[in-house]
Amino acid sequence: MKLGLFFRLACSNIRKNHQLYVPHILAGTGLTGVFYVMLTLANDERLENIKGGYAIPAIMSIGCVVVAILSVILVFFTNSFLMKQRTREYGMYNVLGMEKRHVGHIMFFENLISTVISIVSGVLFGMLIYKLCCMFICKMLHVETILGFYVDPWCVLKTIGGFAAMYLAAFLWNRFRLARLRPVELLASAGTGEKEPKVKWILLVIGLATLGAGYYIALTVETPLRAIPNFFKAVILVIIGTYALFLAGSIAFLKLLRKNKEFYYRRKNMIAVSDLLYRMKQNAIGLASIAILATGVIVMMSTTVCLYTGTEETIKKYFLDGDSDVFVKTYGRYSEEKDGKWESYHFQLPEETVRELLEKTVKEYGSEVVSFKPMRNLSDVFHFENGKGTIYQTRSSFALIPEGTVQLIIIPLEDYNGISGQSVTLENGEVGWFALSDDSPEITKTVPKQFTIGGQSMTIGNKVKKLSLTPGEAYTADTYGIIVPSLEKLEAIVDGLDRELDEEYGGDSRYYLYASVNYTYSVQVADPKKLAEVDTEQQMSSTFGTYLHDRLVELGYDEDHTDAYAYWDSSWGMRNELFAMYGSLFFLGILLSMVFLFATALIIYYKQISEGYDDRGRFQILQKVGMTQKETKGTIRRQIVIVFFLPLVTAVIHMIVAYPVIRKLLKLLMMPNDTLFLLCTAATVVAFALIYMVIYRLTARTYYRIVR
Amino acid sequence: MSILEVSNLKKIYTTRFGGNKVQALTNVTFTVEKGEYVAIMGESGSGKTTLLNILAALDRPTAGKVILEGKELSGIKESEMATFRRENLGFVFQEFNLLDTFSIRDNILLPLVLNGAKPSELEGKLQPIAERLGISDLLAKFPYEVSGGQKQRTAVARALITDPKLILADEPTGALDSKSTDDLLRVFRDINSQGQTILMVTHSTKAASHASRVLFIRDGEVFHQIYRGDCTNEQLYQKISDTLTLLTTGGEKR
Ligand SMILES: Nc1ncnc2c1ncn2[C@@H]1O[C@H](COP(=O)(O)OP(=O)(O)OP(=O)(O)O)[C@@H](O)[C@H]1O
Ligand SMILES: [Mg+2]
């Protein structure tokens, strides 16, 4: 009976305030739906079983977390906005003689209705688009489309539970605020006039310092590996700086303008400057959030698009500019018992044996080996001091990498000539060199002209033609190739290094360090496409491994205590893996960008509404004081445009500063093409600006309807 | 010489949905001489604000003419209207209509700035007016920091700063207590004695008793008018009270 009345009142309130409730419910629906999709994607085994798709659940889980965080923020944002607008109405009920308890009932029903609608429609929406998302992912991953309707009851429950808890928390907060407010306060608000914004000097200094530090870090990052921790440091600093400067900097700047009498007391400027001062006070947080979200969208989209579209190129570059299809690395290991302890020895298999068994394996899968070239090397990070190079041990990824640290890939001359097709000769005692990246300076900047590694002294000689190599580990610093006269020389270096490492770390069981030659062979096959169809990388490599092991047993090794290792790195395997990874990252980028854009639109919409009501009064006064309607509209439009485009401009500036770091991060992911990234970034910025403009146009319409 | 001539003014409001029509002004005719201080009285809903809005060119009449200093308002183009209003008219409203984003100083200076005055000239014009109105100490404050009477004096300063030919005031004392009302009426009398023409709508007999002439409006027409002549404020007050009694008891037209 009575509850029924409250329920009906709540219904009619929602209908009456649809301008506020529709976006609130839409936001809830959208976020619930996207969260459900992300969660299900992270748990869908069918995706995990896609060739190379093992990373998909992890990637989607990241998406889940981001959406969850954003959901909490947005739900509380729309909720608090809603409450601010409704407070007067609740106060009215209270003044008209309704008990607070009863106002609370009405509020409860309002919250309940909007929550139920949001969650139910959200989950249904999620289920509907899930299939679409799956199809889209399969398209992007270049795999056959997964069909069939898929619902994971667990995911449904988790989604409903999570969002219900969030809305419950929001309701309790509202109820708490209602209980604490006195009717007078409930009714007050209009007509009190807002206080003049003060410049918060401390915040201003913090903002300048953090933004400056963030930019400085971003602009001075030298090496890709350091880019990772520094990037996150910079991101956090820039976020803090953006908020602080939007809050304090904008007001300080406008006040400075107001101090300048010659500038301020002009027709065009006077109203704009003072009004902007108040607009910034009210909207700084919202605008800063938009700037951050916009930057997020631009960074996500430009990088994921770039990685995704550059996949083929990355693969080509990795496989010696397309001169190779498979890298094979092998060694044998033999274990024996010594004084009650097991010790193992690594040993190399002869080149001819590897070649023979490899040809056998490839033939079995229906293709043929076209070329087989050894590419033996030692790849490691070295630190040079007094002309002596030692293997550099990073203690932690956050540690500063000292001067004189460089990554070297040491290759014997015969292998270099074999792969590059050159016929380089070396002077006595000299080594050839090349830089992997065209940006790198001369090698002598870090490595002394005369140097020793592993007790072998060498002199830096001529620069030779660059090999399109990808270092085994991530780029730590500038990476150079060093060409030594022979395999024997390389082995001597490795032996020397091993001795040094043993002396330094031998007693310490925490370190099990040794240097070793990578016996890698670059293999080209007749028909890689065909192999890509029949092989899921593991199959061929395990066949090859079995042949190697059998051969070792034939050669008299103990069957049980001997292992043959074959690392098999094929272009088709890499293609599957990269497409799975970059494709799902790209998908995540798109989905998150849509959520971010949606959040942006929501913030702008609410901003326009709340400003619209304020501006209506100002608009009328200005006309009474003697401005034409056209002039008034002009000033207001100009302000709105400034406020509107401030976040966009901020985002673009952030992106410009972040550009070099992101480029370095992409190198870490083996994305070599700078032009492509520049293109992707430019395209993303333009696309984002266009969408942003559309959002502006749509919300501005609501605004002008209110003002008129 | 008459500064304002109003003849046969008529205003019919059409409600938003078309149907209902409200006749706010039926036939209003009167003139105001230069230097006069005219009060307009009448019951609520008799059309006073409507009249003032038309005089201020904020609204257009349905029929009739308004001539300000020999210039007919309906002949002024929409685009020039705002400039005309800024240069010739000053307004004081019941709800002050100050911009809360502006300091008191900026609120007063706004019309001058809109007129394109040089920034260097502003202070010279502001100081004497602020002093006369007793708000020199408040210039740096914001509207929410000052009292209602001070707000209204700010509004008067804003109206005066452009040296308007005519000041229009709509119930300027409506939101003030009696002390502030007295202050404001003194200000009005001062500026009137210096030659400023004032047209003031008011409900307050006391306010009207300061004027040199009182017009009574009923049913959208000028029903009656009283000239001060040699009367003191008290005598005029009595005359106005009598007329008002007559008005409410529904006496015959003059
Ligand atoms: N914008 C409008 N649309 C329709 N009718 C209006 C409008 N403005 C005023 N009216 C009507 O015109 C008549 C005169 O209104 P007006 O505001 O001029 O009265 P008033 O004399 O100023 O009253 P008060 O002393 O209460 O301020 C009233 O009946 C009013 O309802
Ligand atoms: Mg009125």
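Visitor: Which residues does Thr31(B) touch, not counting residues up to four places away in sequence?
Guide: Thr31(B) touches Ser2(B), Leu4(B), Glu5(B), Glu36(B) and Arg213(B); a contact here means heavy atoms within 4.5 Å. This is a predicted model, where local features need pLDDT of at least 70 and side-chain atom pairs count only at pLDDT 80 or more, while totals for chains, interfaces and linings use all residues. Residues are numbered from 1 along each chain as its sequence is written, chains are lettered from A and ligands numbered from 1 in the order in which they are written, and side-chain values use heavy atoms, with hydrogens and water left out.

Visitor: And where's the place of Thr31(B)?
Guide: In strand S2 (residues 21-33) of chain B. Strands are DSSP runs of E, at least two residues, and helices are runs of H or I, at least four, numbered from the N terminus.

Visitor: What does Thr31(B) count as, at 34% relative accessibility?
Guide: Partly exposed. Buried means under 20% relative accessible area, exposed over 50%, and partly exposed in between (1.4 Å probe, protein chains only).

Visitor: New topic: how many disulfides over all chains?
Guide: Zero, from a search of the whole structure. A disulfide is a pair of cysteine sulfur atoms within 2.5 Å.

Visitor: Is Cys133(A) buried or exposed?
Guide: Buried, with a relative accessible area of 8%.

Visitor: What about Cys231(B), buried or exposed?
Guide: Cys231(B) is buried, at 16% relative accessible area.
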